Amino acid sequence: MALISALAVVLVLAITGSIVLVLRGRGTDDVPENSLWSQAWVNGFEEAWSLEAPADFRGQEMSTRVHDNRLVRITSTSTTATVTVFDISGDSPRQLWETRQEVTEAVDRTRVWDRQIIVENTLIDVDSQERITAPWDAEARVSITSAGAIVCVETICRCWSSPSEMLWETDFATDSPMTVLSYAIVDGHVLASSSDYDYFVVDLNTGATNQLDADTYTIQQPLADGWLVHTSGGLHTDATIDLYEADGTLSESFKFDPDTPFSTYPWSPTAFTREQARLWLENFDTSWAPSTYTISEADPECESITINSNDVVLGEPNSLVRAEREGECTSTSALQALYHSGQGQVQSFNETDGDEQFLVLVDMVTGRASEPIPLGTSEEFAGYTPLGDMLIVEVESGEILAYRPTTS
């Protein structure tokens, strides 16, 4: 099974000499509208249901996608994909149908477009099982956006608003294959990347592009009204922050000192604007922020943050706090404030205990936190999908677990 599932990805960021792991509930598919965590999670959670691994699963890929009250599961070898659809509106999943499809390579991601399941260039209706041939080749890279399916072959991408209508076609100014990163959308524009790390902002309506000044060693972050590109610099080069408007037009640039000490992070339930990002990263100004959180002064192990006088244990290592050689607790990187904002009032944090991994959901206003939700060991965990009042966890063995806030 692929370690990157439909809505889970581990970002490895080399920041100020340390490795920071951030487990994020998003990936290279469009993010479901109900992906924001419900505040009910901080009152407790329970297992809602589970699905056993498919028969003869060993050596196969597996991924899932939830569409309305349907759970779509695809298991795949390099030659055959098995599509299974479950009704999850009741107390436990009820299998509705299952079918097999020949493929040219293993399917590692489940995509649903307008109630049609995409398996290479075959579209299967999630309700009727009717099959039609998509207007692209089997080897194309497909991303689902609000404008339609964006399909890339080498440097050319086409946006299909329906299987019979192409909205636009764009040939990118690069020599390497392109992929549209449809989780990163700002005001009708989406981020796209080549395999050689050329980054472009694409107008979803027209296909017009603007290239960002970014490369392998930069970090790109969607903002509420544009884009942020962080270049770490080198031995004789200062780190910089470039801010772009939503269409990829450069707005401003400034130097960024990653070694500036601070103990208070800003937080917002919505993504930072360009101005808020500038205030924070250029001047470490938090006066604009709806709320803040700090490094705990009561935890000598450097595993906690403080929100509204409540300490939240994140474990070690974590993305926000680290221990200096002298034993002092210090912040990791100012950029982490952007990653831990923009997802509503309840934010997810990953916690580790030895080899065990957990998810902790935190109300960023009150400081109340859920009990750690088990994700298995680093070898067992495959991915998770947040669905408001449902959390679906995929396990490497092929099992699927669903958690929900406590109902009693």
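Visitor: Which element gives the largest share of the lining of the second largest pocket?

Guide: Rolling a probe the size of a water molecule over the atoms shows where empty space is left. In this predicted model, the largest share of the lining of the second largest pocket comes from β12, with 3 residues, and the elements that give two or more residues to that lining are β9 (116-119) and β12 (141-145).

Visitor: Which residues have the most contacts inside the largest nonpolar core?

Guide: In soluble globular proteins, nonpolar side chains tend to be buried together. Here the largest nonpolar core has 37 residues, and L228, W280, L281 and I305 are those with the most contacts inside it. Elements that each supply at least two residues of this core include β22 (239-245), β23 (250-256), α1 (274-283) and β31 (356-363), while α1 gives the most, with 4 residues. If neighbours within four places in sequence are left aside, L281 is in contact with L228, I241, F254, F256, A334, L335 and L338.

Visitor: Why is β31 described as largely enclosed by the rest of the structure?

Guide: The reasoning rests on relative accessible area, where a value under 20% counts as buried. In β31, 7 of the 8 residues are buried, so the strand is largely enclosed by the rest of the structure. Strand β30 (residues 346-353) runs antiparallel to β31 and is joined to it by 8 bridges, with Q347 having V362 as its bridge partner. These two strands form a hairpin with 2 residues between them, and G354 in the turn has a positive phi of about 70°. Strand β32 (residues 373-377) is also antiparallel to β31, joined by 4 bridges, and P374 in β32 is the bridge partner of F358.

Visitor: What should I look for in the backbone angles of the loops?

Guide: Most residues other than glycine have a negative phi, and most peptide bonds are trans. D68, in the loop between β4 (61-67) and β5 (70-76), has a positive phi near 55°, and counts as exposed at 58% relative accessibility. R115, in the loop between β8 (111-113) and β9, has a positive phi near 65° and is partly exposed, with a relative accessible area of 24%.

Visitor: Where does P317 lie, and what kind of peptide bond joins E316 and P317?

Guide: P317 lies in the loop between β27 (310-313) and β28 (321-323), and the peptide bond that joins E316 and P317 is cis, with omega about 5°.

Key: Residues numbered from 1 in each chain as written. Predicted model: local features only at pLDDT ≥ 70, side-chain atom pairs only at ≥ 80, totals over all residues. Heavy atoms only, no water. Core = buried A, V, L, I, M, F, W, Y, C linked by side-chain atoms within 4.5 Å. Buried < 20%, exposed > 50% of the residue type's maximum accessible area, 1.4 Å probe, protein only. Contact = heavy atoms within 4.5 Å. Pairing = 2+ DSSP bridges.
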